[in-house]
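Please look over the entry below with these numbered points beside it. They are written for someone meeting it for the first time.

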Amino acid sequence: MKQSSKRFISLMVAVVLLFAALIIYFNFIQPAYGDAEQAKNDMLAKQDFVNNQKSAIQQVKNLVAQYQGKGDVAQAVSLALPTNKNQADAFHVLSGLADLHHLSLQSFAASAAAAQNITVGQASSTSLVRPTGSLLFQIKFAGAYADFKAFLQNIETNVRIFDVRSLGVAPLGKPGQDFFTFDLTVATYYQNI
């Protein structure tokens, strides 16, 4: 066999081996890289999920440890959302805040709205979600605007939940004098057990 024939045959074998290598690469190796990359992404996503769950569990454990020894949580909740109407207590809070801020009580009226039945799934006696009722107080005060503003700030930060539903302001006395009447409708809530 001639030298040129040997070179041609070796060139052909090299070309065939090159095409075989390309076929093997594109048919077997490249999909395997894709599968390996997908498996790596799945593993990282699962690891991230596990880390997030561990963090959430640790936060819950910290909160439980923080509230242990601080008294009964149900008692703390019942201060914000009492288990009965307790109109006298709500009136006492409102009148006490008015006295604290030098507002004179002109008139007062209370009414109870119907209980709002909040249901999640089937409500039972052991359900955490109970229907709530609301009490509406129509109050008329007289006093300075700055005192009334401080009164509203104390309502906002009070332990018991109060919502201001409506507010009317009218001047009282001479023009330019800082003395007003405040007609206020306030709602407070209770658990209707």
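1. Arg160 is buried, its relative accessible area being 3%, where buried means under 20%, exposed over 50% and partly exposed in between (1.4 Å probe, protein chains only). Asp89, at 32% relative accessibility, is partly exposed.

2. This is a predicted model, in which local features need pLDDT of at least 70 and side-chain atom pairs count only at pLDDT 80 or more, while totals for chains, interfaces and linings use all residues. Residues are numbered from 1 along each chain as its sequence is written, and side-chain values use heavy atoms, with hydrogens and water left out.

3. The side chains of Asp89 and Arg160 form a salt bridge at 3.6 Å, N to O (a side-chain nitrogen of Lys or Arg within 4 Å of a carboxyl oxygen of Asp or Glu). Asp89 lies in helix H3 (residues 87-100) and Arg160 in the loop between helix H4 (145-156) and strand S3 (162-171), so the pair ties together parts 71 residues apart in sequence. Helices (H or I, at least four residues) and strands (E, at least two) are DSSP runs, numbered from the N terminus.

4. Phe151, leaving aside neighbours within four places in sequence, is in contact (heavy atoms within 4.5 Å) with residues including Leu94, Leu97, Phe141 and Leu184.

5. Phe141, Phe148, Phe151, Phe180 and Phe182 form one aromatic cluster, and Phe182 is buried at 0% relative accessibility.

Technical notes
Rings of Phe, Tyr and Trp (its six-membered ring) pair if their centres lie within 6.5 Å; planes under 30 degrees apart count as stacked, over 60 as edge-to-face and the rest as tilted.
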